[in-house]
Amino acid sequence: MAAAVLSACGGGDGGSASTSSPSTSQPAAVTGTVATGQVMAGAAITIKDSSGKTVTATADANGNYSVSQAVYAGLTAPLLIKASNGQPGGDLYSVSWTAGAANVTPLTSMVVAALSGQLPADFFNLFGTSSKASALITAANVAAARQQVQTALTTAGIDPANIGDFFSATIVAGNAADKVLESTSATLPSVTAFTAQLAQATTQNNGGTPPSGGTAPSANADTSTFGGCMTSLALSDTLPSGIARTTLTTLPAINARWIATSYKMADVDAYGNPTWSVTRGADTEGANAAVWEMQPRQSGVAFQDNNGPITAQAQPTQLIVRSTNGDHLAFHLNLNDYFATIGGAYLGYQENGNADNPASVEEGADYRRGFYFAAGQTAEQPLDAATSSGQWYSRTRYTLDDATKTATTDSYRVAFYGMQTITTPLGSLNVCSYTANGTITIGTRASVVYSTMLYVTPTLGAVRRTYSETDLDANGHMIFSMTNNRDLTGVIIGHTNYGESLAGGTLWSQLLNQLQ
């Protein structure tokens, strides 16, 4: 493998952490960057050789690590490398069959799984005790495993072809390798489950036995985390045969459609009586129906936080309310969720009206509302690591177009909920679910208590979303309530359309054509 000068996703030319201190005249024997779309600063690196000997290193603040030539001389190639950040299921793996570059990323973990036919953690435990396992790590075998990973990622809608070798590719903020890592984290419902499926495919193609001679991937799924739950489903569950599947040559503008199952809002007086309410119903064709149509993520989108204009990624969605309070055709809104270009942190939300909305509603061209978080947000920990105890976050939040920039505090917990079976428009599905429950505190004046739950499958991603909100005044009295529950009816993964056909384009365009 060719040596490469590797910079972390966050930029900078930080130094190397090493098992020894190489002199400036003697380059390191093995170098790499530990990254997932954001660098794994301080990662604990364990390098195991074919005899079972291990040495350790620590990644620096930029995710870079190195092994000196002196230390490398005491090892017997090939090598297996593990990077750990201490989170459940958060370990990454890589291989090295000769001196040079050895990045440690989700992509290299996938190669380890495809190579060995095992979960990477199981292969790491076996390695050094089995000559059969060591013999797998050759340039030819790794290249074949890399091609298997590339094909699987392309099928899932991720294209890593232009970054070259996963192990030696330079990782710099915004370059091809960094963008693929970002896309991998953002696109796959579970990186852990996807990796396990690669191992399972290799084992199945090898007559049901991992080429490493170790344990099959289904034997050691830890279901105490979201990633473990998704892995268990990925290895043992299949989608119902009744779900329609269509291969698309040309991709439409939208890649997912959701239908409301319960969409209610109400203002409440001091006595708890509703003073205003609206219900948008659960059917797919008739009165009171609300539909959300998602589009692929967009890059280079203008956004503004409390420090001023920045560039971000956006996840566009169009909300279409087809009938409400007796109006034949109510309105549609353009919704955008914003994410950091580097690291993928959630930045905020905005919704805009449209000039072609009926005059009977208020959501015209000048309608705009939303919020944004304070500058410098970091991403939440990977969802695969979520446990039932959860992880707490607290972020400063601002209301869009508030000239005073009055800060509110959004404190919430993300937690793994469990595995269950639900009935959806797509059929009966086994899912893993997680919650995000929190409170937005508006000084001493009021607060908003909310709860979100997502139900996810390894293949389709999220298939159900439930949301409830209660707004309280300074005395703790409810003044507003909302439920917003929806189910997935159709989605495009790669070039496969599952469920309802999305090839006809946006529903709003179809409805306007019907009215003309």
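Let's start with strand β5, residues 64-67, which is covered on both faces. Asn64 and Ser66 are buried on one side, and Tyr65 and Val67 are buried on the other. Buried here means under 20% relative accessible area, exposed means over 50%, and partly exposed lies in between, with a 1.4 Å probe and protein chains only. Strands are DSSP runs of E with at least two residues, helices are runs of H or I with at least four, and both are numbered from the N terminus.

A word on the source. This is a predicted model, where local features need pLDDT of at least 70 and side-chain atom pairs count only at pLDDT 80 or more, while totals for chains, interfaces and linings use all residues. Residues are numbered from 1 along each chain as its sequence is written, and side-chain values use heavy atoms, with hydrogens and water left out.

Back to the strand. Which strand pairs with β5 over four bridges? That is β2, residues 30-33, and the pairing is antiparallel; two strands pair if DSSP finds at least two bridges between them. Within this part, Thr33 stands opposite Asn64 of β5, and Asn64 is one of the buried residues I began with.

Next, helix α5, which covers residues 139-155. Thr138 sits in the loop between α4, residues 131-135, and α5. Is Thr138 buried or partly exposed? Thr138 counts as partly exposed because its relative accessible area is 30%. From Thr138 to Gly157 is 19 residues along the chain, and their C-alpha atoms are 29 Å apart.

Ala152 lies in α5 itself. Gln197 is 45 residues away from Ala152 in sequence, yet their C-alpha atoms are separated by 9.7 Å. If we set aside neighbours within four places in sequence, Ala152 is in contact with Phe194 and Leu198. Contact means heavy atoms within 4.5 Å.

Now the whole chain. It has nine helices and 24 strands. Of its 516 residues, 51% count as buried. Among contacts with a separation of 6 or more, 61% come from residues 24 or more positions apart.
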